[in-house]
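Biologist: Before I rely on any of the labels on this model, I would like to hear what stands behind each of them.

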Amino acid sequence: MSEYLKQLIIQLRAIWDKLNATQKAIMIATSTVVVAGMISIIAWSATGGGGSGSDSGFSTLFVNLEAEDAAKVTDALKEMKVPYKLENSGHQVTVPKEQLYEARMQMARLGLPQTGGQGYEIFDKLHLGMTDFVQNLNYRRALEGELSRTIESLHEVDKARVHVTIPKPSLFTEKKEEATASVILKLRPGEEINDRQVRGIAHLVASSVEGLKARQVSVLDIHGNMLTKGFADNQLAEQTDHNQSLQNSVEHELEQKIDDIFQGLLGPNKTRVKVSAELDFDQVQKTVESYDPNTKVIRSQQRDENSLKGAPQAGSTEQKEGSITNYEFDKTMASIISTPGARKRITVSVAVDGTYKTTGKEGERQYVPRTQEDLDKFTALVKNAVGFKPGTKDEVFVTNVQFDNQFIADEQQEMQKIEKLERWNWLKKYGVIILIALFGLWFFRGLVQNLASAMNPPVPKYVGLNLEPEDEKVPQNVQKQRDILERVEFMTRTEPINIANLIKTWLHEEKIRDNGGSGGKKKQPAGKD
């Protein structure tokens, strides 16, 4: 193995000696860049990627801690004798990597950090001699902590604080006070909360506290803005929002139907459609009682028979018969409850752009208005699409208006400029990459050619050509010198180490000869005939 390394070093040294100054500079620069890159990658990997900016050997235990939670966590780490560091203005705690997971388990066992305050775990430790006042106070603290944790589980909410006021029970109903609560929300960056979510939070708090009503819950943000609206009559506010949402949904659906028709007929940006829907949200209950005079049923019947006899001397007898019949007519009773949201009136307004034709050599566009026949067809299509009812208050108005499409043209030109700029940036980006790749290929191609030429020296121009006359005989001493040179050349290629030792021996003998020393018979060097 050592012999192989020696030969490799000798060959590399020979190649290096055959390179010119420019090639040597390129080789040194390339090797320096490669080695520096490898060292940088190894150093970056050893420091954990440089992600958190913490000192080497420390990992993040908790981030985004409040000051109170950070103080409790650091106190616990001091008791555990775990080294720590505070970063990010005290909101981030880091510990040694080898103690990270053990510290997290210890913090979880201690209930740290206490996000949202203490919950029902406040009752885990029983204290003897606790008064009713302290017991009620702890119950309210636990309730507030649990509500804060529940509200913080919402995606939009980062932090929440809940304050509940439960009045003391009173024997007099006229002095009885209602429970109240207030909620302060800190939203996540870029998140918003709508009115329905605010009402949901209010109902959540009201449902968790006995005797608390949703209208008695106030919800604020960290800037002091009141988020609860319309809670004086919460049911009425919810009904109003529902009615408005239903009306917007009906109008949007009808507009979409009409727009789909004109998109297929005229193309995009040729119509403007607006629908106004008036809905009936009154809930009416009617009782209808109807009779059918053609149908009658006997309800009751009474029949009387009487006999009247005359004077005996007359010898006459009179008999009287009568009946009373009561009839019942067919009666139908129905209780009808109308569903809120029935359509009372629909008004539709449609503006239709005309057509354009190109005139002149410069390609100017001339506006051509729609005919009345086209407008009548469009009106019929709109009426059928919205379910127009003749004889009602429904209205459909379709008119022809020339649109000002200059802003569309400007927008299209702007989009074309943006597309060209993006295309040019794309070409520049990938063009530079391609040029770098071509330059790299050219550089490595030249490097490989130089290395190949250095490892394989060119053959002499007249080697292998027999330029001497065939009849001329080569002298014996010249032939012997040629044989020796060929053998030396062969040994130089196959046994460079032996040749090097031979040259060293010759140099050593030459030095002894120059010094005038004689050591008797000279030793024949190895490999010399």
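The conversation below takes the labels one by one.

Modeller: This is a predicted model, in which local features need pLDDT of at least 70 and side-chain atom pairs count only at pLDDT 80 or more, while totals for chains, interfaces and linings use all residues. Residues are numbered from 1 along each chain as its sequence is written, and side-chain values use heavy atoms, with hydrogens and water left out.

Biologist: What makes strand 1 and strand 3 a pair?

Modeller: Two strands pair if DSSP finds at least two bridges between them, strands being DSSP runs of E with at least two residues and helices runs of H or I with at least four, numbered from the N terminus. Strand 1 and strand 3 (residues 92–96) are joined by four bridges in the antiparallel sense, so they pair by that definition. Phenylalanine 58 stands opposite proline 96 in strand 3.

Biologist: Which helix packs on the sheet and touches strand 1, strand 2 and strand 3?

Modeller: That is helix 3 (residues 67–79), whose direction makes about 125° with that of strand 1. Contact here means heavy atoms within 4.5 Å, and angles run from 0 to 180 degrees between N-to-C directions, along lines fitted to C-alpha atoms, for helices over the stretch in contact. Helix 4 (residues 100–110) also packs on the sheet, touching strand 1 and strand 3, and its direction makes about 15° with that of strand 1.

Biologist: Why is glutamine 92 called buried?

Modeller: Buried means under 20% relative accessible area, exposed over 50%, and partly exposed in between, with a 1.4 Å probe and protein chains only. Glutamine 92 has a relative accessible area of 12%, and is therefore buried. Its place is in strand 3.

Biologist: How do you know that the length of helix 11 agrees with its number of residues?

Modeller: The expected span is 1.5 Å times one less than the number of residues. For the 19 residues of helix 11 (residues 496–514) this gives 27 Å, and because the end C-alpha atoms are 27 Å apart, the two agree. Ile497, Ile499 and Leu502 are buried in helix 11.
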